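Student: I have a few "how do you know" questions about this model. Could we go through them together?

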Amino acid sequence: MYVKVFTQILDSSLAKDRKLRHFFIDLLLCSDADGNVVMTKAAISKRTGASMEEVEWGLSELMKPDQNSKHSEMEGRRIVLLVHIQLFR
């Protein structure tokens, strides 16, 4: 999969935390064409080489509101949890 990563990320509020920025870019690399990461935390850990603790921490940090964001939607959160409900017939 191909994902565009803009140099603007180096000037964003993510830039101050290199570990979080690296985790965010790893998530971008795991995303589908619509920008969704349809993976369990364990799968993210395995694919990125991050420990489960790092995955838990990274997801938690990226779901927090960012008061320094240029975008006001979703309070500047970088990621939001998607709930997938599958119905069986």
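Student: Is the crossing of H2 and H3 right-handed or left-handed?

Tutor: The crossing of H2 and H3 is right-handed. Do keep in mind that this is a predicted model.

Student: Why is H2 called roughly perpendicular to H3?

Tutor: H2 and H3 pack at an angle of about 115°, with their axes 9 Å apart. Angles of 65 to 115 degrees count as roughly perpendicular, so H2 is described as roughly perpendicular to H3. On the H2 side, the contact is made by Lys41, Ala42, Ile44 and Ser45, and H3 brings Met52, Val55, Glu56 and Leu59.

Student: What makes the largest nonpolar core a core, and which residues make it up?

Tutor: Such a core takes buried residues of nonpolar kinds, joined through side-chain atoms within 4.5 Å. Here the largest one has 12 residues: Ile9, Leu14, Leu20, Phe23, Phe24, Leu27, Ile44, Ala50, Val55, Leu59, Leu62 and Ile79. Helices H1 (18–30) and H3 (52–62) are the elements that give two or more residues to this core, and H1 gives the most, with 4 residues.

Student: Which residues is Ile79 in contact with, leaving aside its neighbours within four places in sequence?

Tutor: Ile79 is in contact with Phe24, Leu27, Leu59, Leu62 and Met63.

Student: How do you know that the span of H1 is close to the expected one?

Tutor: H1 has 13 residues, and at 1.5 Å a residue 18 Å is expected, while its first and last C-alpha are 19 Å apart.

Student: Which residues of H1 are buried, and what covers them?

Tutor: Leu20, Arg21, Phe23, Phe24, Asp26, Leu27 and Cys30 are buried, each being under 20% relative accessible area. Their cover includes helix H2 (41–48) and H3.

Conventions:
Residues numbered from 1 in each chain as written. Predicted model: local features only at pLDDT ≥ 70, side-chain atom pairs only at ≥ 80, totals over all residues. Heavy atoms only, no water. Buried < 20%, exposed > 50% of the residue type's maximum accessible area, 1.4 Å probe, protein only. Contact = heavy atoms within 4.5 Å. Expected span 1.5 Å × (residues − 1). Axes fitted to C-alpha atoms, helices over the stretch in contact; angles between N-to-C directions. Parallel < 35°, antiparallel > 145°, perpendicular 65-115°, else oblique. Left-handed = near helix turned anticlockwise from the far one by under 90°.
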